[in-house]
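Subject: Structure handover

Hello,

Here is the structure I promised you. Please open it next to this email and follow along.

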Amino acid sequence: GMTTFVTLNDGNKYPNFGLGTWLSDTGKVQAAVEYAIDIGIRHIDCAYIYKNEEEVGRAISNKIKEGKVKREDLYITSKLWNSFHRPDAVKKGILGSLKDLQLDYLDLYLIHWPVEFKAGVDIPKEEEIDQCIDDVGHLVTWTAMEALKDEGLTKSIGVSNFNTKQIQRLLDNCRIPPAMSQVEMSINFNNKEHMEYCFSKGIKVTSYSPIGNPGFSNGKNSVLDNPVVKEIATRLKKPPSNVALRYIVDRGVVCIPKSVTPSRIKENFEVLNFKLSDEDFKRLDSLDIGVRVCDPKVWGKHPEYGW
């Protein structure tokens, strides 16, 4: 795979393909990241809440020690969890991730969700939501994110799972605009309005669950079983997953498919070796059914729950 880069609004560049680590089994992540780096993947998408950053850190550290890569060749993303939105906690959040990842700086740090929880609670039980909701305000958190960039703890800052109103509120008030919006996006849920909004504001977009996350959705409405996807895949002699990923890449969106299986990681990376015809792209672009895979409705009581 030949990685191409997107250029962010702060002048930094970012590889358009990375390895996702969400829902990756503990015990398998380190080997997956080492393998990914071995085959040329340079962008790893992490988060505090995935509870596997220590393993990712060991993998990165091993590969740097081996001389396989230098730190500056890598692009490492992490995310500020919901219970670290208070300004004094934001720095604590990034420092915790940096320690686990064994890094001095991140390349991209995102606010993981627009929803705020009180300190000390990672994921509240449904019956506890009411007392766990915090009211910090995105602008307060964002000012603390800007300070992380000023300090060089992260090269770029952005958001994840924010809606366009929430992003616009940041743009209207911020000193440093978000460089990236990471959202769910796949053939089934193409999130076109969000993408077009972000592009119009100079914000780049990353797609998570770009294959629709088959493991998470119990195979319902599987992207990979879609007859159009299968027909294009057969004709191009590519796995259906490559067609699903290439759709994302051809939109100018960064994709971060998650896998811990070496053969699958390699297969996904090969998405960079071909392009879809305009006609095939248009057909795929018309398959949206508006169904999210990742929708924690249980947080719906939070006033900033975005959907």
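First, a term: a residue is buried when its relative accessible area is under 20%, exposed when it is over 50%, and partly exposed in between, using a 1.4 Å probe and protein chains only. Next, the ground rules. This is a predicted model, so local features need pLDDT of at least 70 and side-chain atom pairs count only at pLDDT 80 or more, while totals for chains, interfaces and linings use all residues. Residues are numbered from 1 along each chain as its sequence is written, and side-chain values use heavy atoms, with hydrogens and water left out.

Some more terms before the tour. Helices (H or I, at least four residues) and strands (E, at least two) are DSSP runs, numbered from the N terminus. A contact means heavy atoms within 4.5 Å.

**Two positive phi values**

Most residues other than glycine have a negative phi. Asn161 is not a glycine, yet its phi is positive, near 65°. Look for Asn161 in the loop between strand 7 (154-160) and helix 6. Asn161 counts as buried, at 2% relative accessibility.

Lys51 is another non-glycine residue with a positive phi, of about 60°. Lys51 sits in the loop between strand 4 (43-45) and helix 2 (53-65). Is Lys51 buried or partly exposed? Lys51 is partly exposed, with a relative accessible area of 46%.

**Cysteines**

How many disulfides does a search of the whole structure find? The search finds zero. A disulfide here is a pair of cysteine sulfur atoms within 2.5 Å. Cys198 is in no disulfide either; the nearest cysteine sulfur belongs to Cys174, 13 Å away. Cys46 is buried at 0% relative accessibility. Cys198 is also buried, with a relative accessible area of 0%.

**Nonpolar cores**

In soluble globular proteins, nonpolar side chains tend to be buried together. A nonpolar core is a set of buried Ala, Val, Leu, Ile, Met, Phe, Trp, Tyr and Cys residues joined through side-chain atoms within 4.5 Å. The largest one has 83 residues. Which of its members touch the most others? They are Ile76, Met145 and Leu284. Helix 9 (residues 240-250) gives the most to this core, with six residues.

Now zoom in on Ile76. Leaving aside neighbours within four places in sequence, its contacts include Ile44, Cys46, Ile60, Leu101 and Leu103. Tyr14 and Leu108 are also among the contacts of Ile76. Another core, of nine residues, lies apart from the largest one; among its members are Tyr14, Leu108, Leu110 and Val254.

**Helix pairs**

Two packed helices are described by the angle between their axes and the distance between the axes. The axes are lines fitted to C-alpha atoms, for helices over the stretch in contact, and the angles run from 0 to 180 degrees between N-to-C directions. Angles under 35 degrees count as roughly parallel, over 145 as roughly antiparallel, 65 to 115 as roughly perpendicular, and the rest as oblique.

Start with helix 2 and helix 3. Their axes come within 7 Å and cross at roughly 50°. Helix 2 and helix 3 are therefore oblique to each other. Glu53, Glu54, Val56 and Gly57 of helix 2 make the contact with Ser97, Asp100 and Leu101 of helix 3. Ser97 is buried, at 1% relative accessible area. Beyond four places in sequence, Ser97 touches Tyr48, Glu53 and Ser78.

Then take helix 5 (residues 138-150) and helix 6 (residues 164-173). Their axes come within 10 Å and cross at roughly 60°. This pair, helix 5 and helix 6, is therefore oblique too. From helix 5, His138, Leu139 and Trp142 meet Gln166, Arg169, Leu170 and Asn173 in helix 6.

**Two loop residues**

Ser186 is in the loop between strand 8 (180-184) and helix 7. Ser186 is buried, with a relative accessible area of 2%. Ser186 and Arg175 are 11 residues apart in sequence and 32 Å apart in space, C-alpha to C-alpha.

Lys201 is in the loop between helix 7 (192-200) and strand 9 (204-208). Lys201 is partly exposed, at 39% relative accessible area. Lys201 and Pro178 are 23 residues apart in sequence and 9.8 Å apart in space, C-alpha to C-alpha.

Best wishes
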